[in-house]
Amino acid sequence: MDRRRSESPSSTALREPIRSPWLWVSLVLVVLAGVPFYLPTGTVEPLIGGVPYWLVVSLGATLAFSAITCWACLRAWNLAEPEEEAAAGGSDS
Amino acid sequence: MNGLTFAGTGGVLVLIAYAVIMLVIGYFAGRGKSDEGKTNRGYYLTGGGLGFVALLFTLYATQYSGNAIVGYAPTAYRDGFSWWQSVPFMIAVIAVYLLFAPRLYVIAKKQGFVTPTDWIRYRFGSTKLAVLVAVLMLWGLANYLLEQLVAMGQGIAGLTGDTVPYQIGVIAFVLVMLAYSWTGGMRAVALTDVMQGIALLLGIGAMLFGALYLVEGDLAGVTQHIAQTEPEKAGVPTTEDSINWFSMILLIGFGAAVYPHAIQRIYAARSERTLKRSLAIMAWMPLATTGVVFVVGIIGIQLFPGLSTADSEQLVGMIANEVAGVNVVFYVLMILLFGGVVAAIVSTADSALLAFSSIVSRDVYGRSFGRTASEGKQVRVGKVAGVVAVGVLLLIAWNPPGTLLSIFVLKFELIVQLAPVFVLGLYWRRMTANAAFWGMLTGALTAGFLSVADLGPFYGVPGGLAGLLLNVAICVLGSLASRPRDRAGTTDPSVPADFRATSADPA
């Protein structure tokens, strides 16, 4: 099932997210960071901008979760595109 | 949302306008594409030709139903800040797509898949497993569709202040939905999703604007008020709640990503570039959708303190009433909000209906009585089955069960059991059809039983996730324990060589 077809002229650029272990390590870490299990239960203060500190931490982790996922879609995934672009002459929008 | 007083004629006019726009889009989507409607792949997947804008909005409008507004705001109201989890669990859906969509897209394009079951047959060559998958998908989709029909009636009755009664509202919009789905298939569904997705975004924006107006833009004041009056809603959640938070990320992430209509959008993408660009944007949409709804629910804690669980279900309607009473501009904004809610519901329902029909066409009729029938006839049978299913569900919808969220979780608990055959099945050659079948069946029965018996969550772990863990364990251990000659599915000559097991296979 290896889709890294050697006959493709762009084979060196073929990428699949599942093959990037660090990507999944990063995703697991930001997901865990966003769940405040490691903070003292029931604590609210200090408030940061009026918001409980733990929510600010979770918000930051969530933004990182979105950013890494978005990045992985655009940069860690390139299986069929070279072939499709070649076939379509790069006309896909 | 019943009993709203702000709406009426304005709401009816907005609904009529939405209905007309949907019908016009559906008409033009189907016009000149008569050949497309004669094949399963053409009708159900636009022949795999969805471009960037249509794909993005159909992913968006399908993933976020009306429940994301009218169900999630009350949950934020009841749970407090811990409902922030609704943002990461929707991002998780896109992260889970990354686990299987890239490779599945490539295989689906090459093999001409139409339904998720096509992948099961291709990979495992097992009729038994394919039937189980089809049954679970049909059950999940029917339940999902039922939820949308219930929400549709409530939304329309709410928007029009009961000027349009619940039943009439549902029937009218169901007819509109059936009309454009029938004529234009996936192309009509996706193009109406563009309009519906924009309406949803406008509606959510209007709701946030209105709620902020009511508290004079003082969000910090709202959170300080909550910290003082209801500190349990502002404090760090208990360990059990944190486990439930993490469990929901897994459950929703895996469950929503393997919904049949979600998988079919992978198949329908015009190109990989289109698909990954759409998903890249989708990774941010939870912040603009469930994140905003979360803020509105939190504001509701200050605006309407002390509501019971049942009363809190009306929170969005209550806020809308308050906002609409300010002046005519806010009145119009709130009509936009409810128009957005209805559009969101219809856009989710039409996708579920189309997926339901496709499974009937391809996996039920096309594999039994209609084995020799033309694809055009298979499509027609699927369309008729969809109409019949909606008719049956409408009868059930007249007596809506429970709160919206409880129905939502019940569906996920079963659909999520499909995740191993997509995620593990794509990469682990040694995975066998038998292990997958027994894992899925055990997981579904366990999750179903726990839901029906109202057992769990177990220290924060919902029954659906418990079923999934059991499912994965059986898949893995069963596959490892099987001898090569016992791997009936993977030695079947109909299974592609890529997935055929040999005694030399590495685990």
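Reader: What makes a feature count here?

Author: This is a predicted model, so local features need pLDDT of at least 70 and side-chain atom pairs count only at pLDDT 80 or more, while totals for chains, interfaces and linings use all residues. Residues are numbered from 1 along each chain as its sequence is written, chains are lettered from A and ligands numbered from 1 in the order in which they are written, and side-chain values use heavy atoms, with hydrogens and water left out.

Reader: Why is the pair Y72(B) and W83(B) called edge-to-face?

Author: Rings of Phe, Tyr and Trp (its six-membered ring) pair if their centres lie within 6.5 Å; planes under 30 degrees apart are stacked, over 60 edge-to-face, and the rest tilted. Y72(B) and W83(B) sit 5.2 Å apart, centre to centre, with 85 degrees between the planes, so edge-to-face it is. Y72(B) is in helix α5 of chain B and W83(B) in the loop between α5 and α6, eleven residues apart.

Reader: What makes Y72(B) buried?

Author: Buried means under 20% relative accessible area, exposed over 50%, and partly exposed in between (1.4 Å probe, protein chains only). Y72(B) has 3%, so it is buried, and W83(B) counts as buried at 3% too.

Reader: How do you know that the charged end of K128(B) sits over the ring of F437(B)?

Author: The rule wants NZ of Lys or CZ of Arg within 6 Å of the ring centre and within 35 degrees of the ring normal. For K128(B) and F437(B) the distance is 4.7 Å. K233(B) sits likewise over the ring of Y77(B), 4.8 Å from its centre.

Reader: What makes E16(A) and R103(B) a salt bridge?

Author: You need a side-chain nitrogen of Lys or Arg within 4 Å of a carboxyl oxygen of Asp or Glu. Here N to O is 2.8 Å, so the pair qualifies. The pair crosses between chains, from the segment before α1 of chain A to helix α6 of chain B. E16(A) also forms a salt bridge with R19(A), at 3.2 Å. E16(A) is buried at 3%, whereas R19(A), at 37%, is partly exposed.

Reader: Why is K276(B) with E272(B) called a salt bridge?

Author: Their N and O are 3.8 Å apart, so the pair makes the 4 Å cut-off. Both lie in helix α13 of chain B, four residues apart, about one turn of the helix. Salt bridges that share partners join E81(A), E272(B), R273(B) and K276(B) into one network.

Reader: How do you know that chain B is in contact with chain A?

Author: Contact means heavy atoms within 4.5 Å, and 52 residues of chain B are in contact with 50 residues of chain A. There are three salt bridges between the two chains, including R273(B) with E81(A) at 3.6 Å.

Note on methods: Helix = DSSP H or I, 4+ residues; strand = E, 2+ residues; numbered from the N terminus.
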